[in-house]
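Have a look at it first, then read on.

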Amino acid sequence: MTSPEPDRGALSGLESFLAWLLGRGRYPYLALLLLATAGFSIFALRIGAEAETGSMVSRDKEQARSYAAFRSAFGNDEEVVLSVTHPRLFTPEGLRYLDGLTKEIGTLEGVLRVYSLTNARHAVNGPAGAESEPLVPRPLDAPGVSRRVLSALDDNPKLAGLLVSRDRRTAGITIEAGERTGDGAFPGDLTEAIRGVMARRAGDAELHLSGISVQKHDVAEFVRRDKALLVPLSMLVLAGMLAVTFRSVAGVLVPMAVKIVTLAWTMGAYALSGYRLNPITALLPPLIVILSISTSVHLYDGWLHIPEGEGDRARAIVRDTRRLFVPSLYTALTTAFGLLSLAASDVPAVRRFGAFGAVGVFISFAVSVTLVPVALSFFPPLRRERMPHGGNGPPKRFLRAASRLSTERYRTVLAVALVLSLAGVAGIARVRNNTDLVRFLKPGAPLYRDTLFIDRNLAGVYALEFMVSRADGLPLTSPEDLRALAAFQGMASAQGAVAETYSIADVIGMIHAAETGGKSPRLPENEDDLLYGYDLLKADPEQPFLSKLVKGDLTVARVSVRIHAIGTAEAAPLVRTLLTGGKRILGERYALVPTGSFYQVTQDSNRLVRRQGASIALSLAAIVLAIHLLFRSPAVTVAALVPALVPVLLAGGFMGYAGIDLSTGTAMVAPVILGLVVDNTIHYVARYRREYRGDAREAVGRTTMGAGRALTASSLILALGFGVGGFGSFKPTVHFSLLAGGTMLAALACALLILPACLVLSDRPADGVRR
Amino acid sequence: MRTRALAALVLAAFCNPAGAAEGKPQAAWVRLLDGSRDEVVRAEFVPSAEQPVGEVRLVRRGDAVVMQTVLRTKFLKRVVAEIRKKEMAAWPRDRQGHGDAVKYVDAVLAAQGGIQERFRRREDRGDRRQKMLIEFILSRRASIVAIAEPEITEEGGRMRVVSKRPIAVLELSRAYVRGNIYEIAWDALGLDRKESRDILEPMLPPESPAEAESSEKEGGQGISR
């Protein structure tokens with residue numbers, strides 16, 4: 001086993017540069033750094049949150065084309081639902097309350113239309129055929145109003161499902177918002193305005209608000225809240241950990257300075273690129289704070305161990321930095337590779353997270369290898385008795401025990417690792433691919449409660465949208481066309497998670513019944529009657545339903561399948577069932593295209609799994625390459641991979657056993673962690689190769705005792721740093737943080753036990769006898 | 001549908017007391033029904049120029065005055081229902097002419113039924129608008145209401161009747177026809193009482209003073225209601 005042979009010319013160049021930096025270059029460097037950091041900070045502090053969630057949706061061309069066609073034909077599919085539970089809903093008092101609320105919301109800026117029980121119209125048979133009349137007759141206190149309304153609702157179960165709950169205690173107000181402004185926000189902040197009305201008018205009623213635009217609004221608020229909380233909190237925690245670990249001002253200040261500079265530069269660059277934060281990239285600031293710790297901790301720890309009485313402190317710092325430069329560069333590379341592997345994702349937010357995470361890692365490396373030596377040159381050396389954990393304290397005893405265990409019982413250690421890995425693999429098989437937008441939030445969040453309440457009482461909160469058109473491109477003007485739509489709806493309604501389905505066939509059925517004097521909805525039997533129904537809808541300014549249900553030229557119909565608040569694990573098979581069943585019912589004569597924002601989420605979730613495999617493979621390949629280039633030994637490369645893979649398998653297994661779903665957030669854990677856990681391996685093996693003098697056990701003992709403290713410190717700091725994300729507002733953030741933190745602890749155990757055991761096992765002494 | 005068509009035919013026959021069978025107007029009325037030399041005095045789209053279902057025109061036809069309503073709409077049934085509603089409101093039971101109004105309304109309803117039937121059997125499936133022509137004609141000797149199914153073209157944004165298929169001609173009282181010409185002038189041409197008098201009086205054939213006063217007065221009452 002030979003030591004790595006670094007490029008002497010390059011390293012002597014580095015030494016010369018560092019010598020200059022620690023001499024005449026100190027103040028110009030610090031001034032430049034300060035100036036650049038101040039500049040980037042200005043932009044970093046101005047980053048806002050995305051009002052739209054477009055960056056969270058994949059850039060699948062076919063999917064995007066269908067959705068654009070849908071929006072162009074049927075307009076905005078983002079509706080807000082306000083549920084109103086009133087103790088006396090069907091009395092004049094309750095109806096007046098609902099009417100007042102409906103009217104006030106209708107006057108808010110950004111509201112296009114409001115539909116509720118008190119302004120809904122239905123088709124009735126009149127002297128000239130179908131006539132549209134208010135569902136709730138006026139005046140509201142006229143005798144028999146309640147009975148007439150309830151009877152009309154019983155006659156129109158589809159309409160009733162939209163307007164009122166089955167128990168007739170809760171009414172729904174559907175709010176259609178206008179177009180968004182250029183920055184993606186609704187004019188006048190509609191959600192806030194509606195909540196203002198709710199607060200003012202609540203009284204006896206129980207009000208709940210939900211809908212995609214409300215979710216977007218609240219998510220943006222949570223992102224802002226997390227940004228304001230998590231970064232300072234992780235800074236505080238890391239400062240505390242550094243203080244406990246190094247027990248010196250320099251030990252806290254120097255790594256913290258690296259963090260602040262890295263954070264400012266990376267987030268400044270992010271802002272300058274024109275991006276805003278979303279639930280995924282909101283994790284970037286805490287992640288950068290955490291990732292920027294490793295190199296500075298190792299450099300500071302090396303500085304602590306510069307022997308007392310060393311004449312030229314600056315020269316010693318340069319030498320120590322040079323010694324750690326190559327391993328630190330490779331750890332930065334592997335971490336960056338892990339993050340860059342997320343480029344395989346077609347979700348822009350995930351790609352952006354990976355790219356800027358990698359940028360942060362490189363900035364952190366560059367700042368660490370320059371700022372740490374410069375900063376340490378200002379501090380006097382620590383006296384031996386003041387050195388942290390000197391003598392025979394608990395950390396040393398812990399490291400000694402780890403060293404003994406990994407060398408004397410290396411077979412047992414490896415067997416246990418194998419068993420745990422197999423258990424991890426079994427657990428991974430149980431991981432469910434599920435993105436649940438509502439349950440991303442904590443159960444205490446108002447949006448979580450509101451959404452589930454509305455979901456329980458009214459016709460579902462999500463909609464899978466389908467566009468149906470004739471294969472020959474002709475308008476859907478044949479009665480057969482509407483019968484096909486109705487048959488598809490019938491099949492969809494029979495599925496468990498489906499709350500209700502709506503299409504033009506329902507409306508035409510109601511109109512035709514009213515036109516011909518029938519009570520139950522009934523589809524026209526000839527083309528003239530069907531076209532007459534279309535004409536009546538077109539001519540009625542009070543009912544703009546037609547444009548929401550069928551394209552202007554009548555060539556494409558929308559079938560909206562309202563479903564309950566389920567995750568993609570249930571929704572994806574439902575979509576498949578609807579597509580298969582739909583194609584069977586509609587046959588070759590019609591084209592059936594699924595679309596809508598919820599459909600996109602289900603498809604992205606499926607794609608996520610496939611892409612995650614690619615991300616892990618990319619990350620792994622890059623790491624193997626980096627380790628092999630660094631150590632130039634296949635045996636060491638294999639030995640280094642084992643402790644890197646075991647924590648990832650354990651994390652995956654834990655997800656399976658703990659019931660943590662694979663979602664947009666948690667799918668990023670494996671590639672990111674893979675790049676991080678290998679850092680310990682690189683530092684350990686680099687030290688091991690310097691310590692190796694023909695006896696693996698002795699080398700392991702010296703390496704564990706020498707590098708073990710820095711590894712333990714950096715791993716604990718990383719684990720706690722990630723742990724701060726547990727205070728995040730989104731479950732994927734919490735899961736990502738806790739899994740990453742836990743994996744860092746597992747990685748430490750692997751670096752101190754499994755890696756040495758692998759090195760002992762792979763050692764080939766000259767005499768061929770493994771002692 | 002067959003029942004409705006039959007009813008329409010029965011009603012049409014019933015509404016032809018003067019012996020004008022459907023499609024066969026009396027010879028004496030041929031000149032009155034010939035619109036080839038019509039001189040349009042005033043015209044307005046109804047209910048609005050933006051979404052017209054038809055056009056109402058005050059026409060001079062020889063010595064006769066014609067209040068002509070050309071309807072071209074997908075909602076003829078509804079328009080006819082609206083005509084019925086307005087007619088019954090303008091000519092209530094206690095107003096002289098109520099009986100004529102009922103005959104007129106019945107004839108229009110029957111005509112609509114017939115037009116609807118022919119519409120269903122049409123060969124050209126392109127244009128889905130149904131057409132009806134109603135003319136209130138008052139001359140020195142005659143006071144009639146003619147209902148026909150026209151062929152219409154557009155000229156300079158206006159509707160032009162190029163041919164028509166007569167459906168019914170009703171001979172009704174002069175007071176009713178004169179009164180309804182006023183009603184329509186106020187309702188569809190947007191004229192107020194003075195304007196309508198200034199335009200119509202010089203055109204309308206002289207009446208016996210008592211009848212003229214009566215019909216105008218009744219018309220006025222009709223609109224003031």
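A polar contact is a pair of N or O atoms within 3.5 Å; within protein, one must be able to donate a hydrogen and the other to accept it, and residues adjacent in sequence count only if both atoms are side-chain atoms. With that rule, 8 residue pairs (both at pLDDT 80 or more) are in polar contact across the interface of chain B and chain A. Keep in mind that this is a predicted model: local features need pLDDT of at least 70, side-chain atom pairs count only at pLDDT 80 or more, and totals for chains, interfaces and linings use all residues. As for bookkeeping, residues are numbered from 1 along each chain as its sequence is written, chains are lettered from A and ligands numbered from 1 in the order in which they are written, and side-chain values use heavy atoms, with hydrogens and water left out.

**Confidence**
- The pLDDT (the predictor's confidence in each residue, from 0 to 100) averages 86 in chain A, and 93% of the residues there score at least 70.
- Residues 1-7 of chain A have a pLDDT below 50, and this stretch has 11 contacts (heavy atoms within 4.5 Å) in the model beyond near neighbours in sequence.
- Where pLDDT is low, the predicted coordinates should not be read in detail.

**Where the chains meet**
- On the chain B side, 10 residues are in contact with 13 residues of chain A.
- The buried area (the accessible area, with a 1.4 Å probe, that two parts lose on being put together, summed over both) is about 1000 Å², and carbon and sulfur atoms give 43% of that.
- B:Phe75, B:Arg78 and B:Arg128 lose the most area in chain B to chain A, together 53% of what that side buries.
- There are 6 salt bridges (a side-chain nitrogen of Lys or Arg within 4 Å of a carboxyl oxygen of Asp or Glu) across this interface.
- A:Asp535 and B:Lys74 join their side chains in a salt bridge, at 3.4 Å from N to O.
- Helices (H or I, at least four residues) and strands (E, at least two) are DSSP runs, numbered from the N terminus.

**A sheet in chain A**
- Two strands pair if DSSP finds at least two bridges between them.
- Four strands make an open sheet in the order S2-S5-S1-S6 (chain A), with antiparallel pairing.
- Strands S2 (111-115) and S6 (206-211) of chain A are at the edges with a single partner strand each, so one side of each has no neighbour in the sheet.
- S2(A) pairs with S5 (residues 170-177) of chain A over 4 bridges, and A:Val114 has A:Ile175 as its bridge partner in S5(A).

**A sheet in chain B**
- Here 6 strands form an open sheet with antiparallel pairing, in the order S1-S2-S3-S4-S5-S6 (chain B).
- S1 (39-46) and S6 of chain B are the edge strands, each with a single partner, so one side of each is left without a neighbour in the sheet.
- Strands S5 (residues 143-155) and S6 (residues 158-171) of chain B run antiparallel, joined by 12 bridges.
- S5(B) and S6(B) form a hairpin with 2 residues between them, and B:Gly156 in the turn has a positive phi of about 55°.

- A:Lys158 and A:Glu500 form a salt bridge, with the closest N and O atoms 3.7 Å apart.
- This pair links distant parts of the chain, 342 residues apart: A:Lys158 sits in helix H6 (residues 157-163) and A:Glu500 in strand S8 (residues 498-502) of chain A.
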